[in-house]
Amino acid sequence: MKRIIPDITLDDCAKKLEYYQKVFGGELKNIRKTPSEEIMHAELHIKPDLVLYFHDKFSYAGDVVYGSVVLVIETETEAELNWMYNALKEDGGVRYKLQQTDWGALHAVVEDKHGVIWSLNYMLP
């Protein structure tokens with residue numbers, strides 16, 4: 001495992017990013033928007049190894065409330081991603097099916113048997 005990153009769901013995320021940048025400092029990077037201008041993904045780089053992810057709530061998120069945190073795991077290998085995906089979804093569920101993305105990664109979102117939501121990501125070589 002490379003690292004675990006908090007991913008914060010916000011209502012009207014674009015407006016609230018400025019607030020968090022003002023509070024924590026750092027630089028906003030990798031902002032991706034949906035066709036309807038919602039924030040699909042944004043990163044606040046506070047220090048080289050201190051990053052927060054943010055996004056608007058989406059339909060696949062189900063009953064996730066605004067201000068909730070999902071833990072993002074960046075894996076080192078595809079095999080590690082597959083193992084975590086299968087282990088975490090057992091007795092839990094899949095919120096976003098494991099698939100290749102347009103940002104060059106394999107990605108999935110699962111809810112474990114205790115209700116914790118995990119976003120799994122492996123950047124393809």
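This is a predicted model: local features need pLDDT of at least 70, side-chain atom pairs count only at pLDDT 80 or more; totals for chains, interfaces and linings use all residues.
Trainee: Why is the contact of Asp 102 with Arg 32 called a salt bridge?
Mentor: A side-chain nitrogen of Lys or Arg has to be within 4 Å of a carboxyl oxygen of Asp or Glu. Here the N to O distance is 2.9 Å, so the pair meets the definition.

Trainee: What does that pair tie together?
Mentor: Asp 102 belongs to the loop between β6 and β7 and Arg 32 to strand β2, so parts 70 residues apart in sequence are tied together.

Trainee: Are these two partners exposed or partly exposed?
Mentor: Asp 102, at 62%, is exposed. Arg 32 has 27%, so it counts as partly exposed, because that class runs between 20% and 50%.

Trainee: How do you know that Asp 12 and Lys 15 form a salt bridge?
Mentor: Their side chains meet at 3.8 Å, N to O, and the limit is 4 Å, so the pair qualifies. Lys 15 is exposed at 63%, while Asp 12 is partly exposed at 36%.

Trainee: How many salt bridges does the structure hold?
Mentor: Five. Another one of them joins Glu 37 and Lys 33, at 3.6 Å from N to O.

Trainee: What makes the phi of Glu 37 worth a remark?
Mentor: Most residues other than glycine have a negative phi. Glu 37, in the loop between β2 and β3, has a positive one, near 70 degrees. Asn 30 also has a positive phi, about 50 degrees, and is not a glycine; its place is in strand β2.

Trainee: Why can Phe 24 be part of a surface patch?
Mentor: Patch residues need over 30% relative accessible area, and so the value to check is that one. Phe 24, in helix α1, has 42%. Together with Tyr 19 and Val 23, Phe 24 forms a nonpolar patch with about 320 Å² of accessible area.

Trainee: And the largest pocket: which residues lie nearest its centre?
Mentor: Met 40, His 41, Trp 103, His 107 and Ser 119, out of 30 lining residues. The lining divides into 13 nonpolar, 10 polar and seven charged residues, and the pocket volume is about 700 Å³.

Definitions and conventions. Residues are numbered from 1 along each chain as its sequence is written. Side-chain values use heavy atoms; hydrogens and water are left out. On a 1 Å grid over the protein atoms alone, a cavity is a set of points where a 1.4 Å probe fits but cannot get out, and a pocket is an open set with protein on both sides within 12 Å along at least five of seven lines; lining residues have an atom within 4 Å of a point. Grid points are joined across faces, edges and corners, and a volume is the space filled by probe spheres set on the points. Ala, Val, Leu, Ile, Met, Phe, Trp, Tyr, Cys and Pro count as nonpolar, Asp, Glu, Lys and Arg as charged, and the others, Gly among them, as polar. Patches are made of residues with over 30% relative accessible area and no salt bridge: like charges are joined within 9 Å, nonpolar side chains (Val, Leu, Ile, Met, Phe, Trp, Tyr) within 5 Å. Accessible areas come from the Shrake-Rupley method with a 1.4 Å probe; for residues, only the protein chains shown count as cover. Helices (H or I, at least four residues) and strands (E, at least two) are DSSP runs, numbered from the N terminus. Buried means under 20% relative accessible area, exposed over 50%, partly exposed in between (1.4 Å probe, protein chains only).
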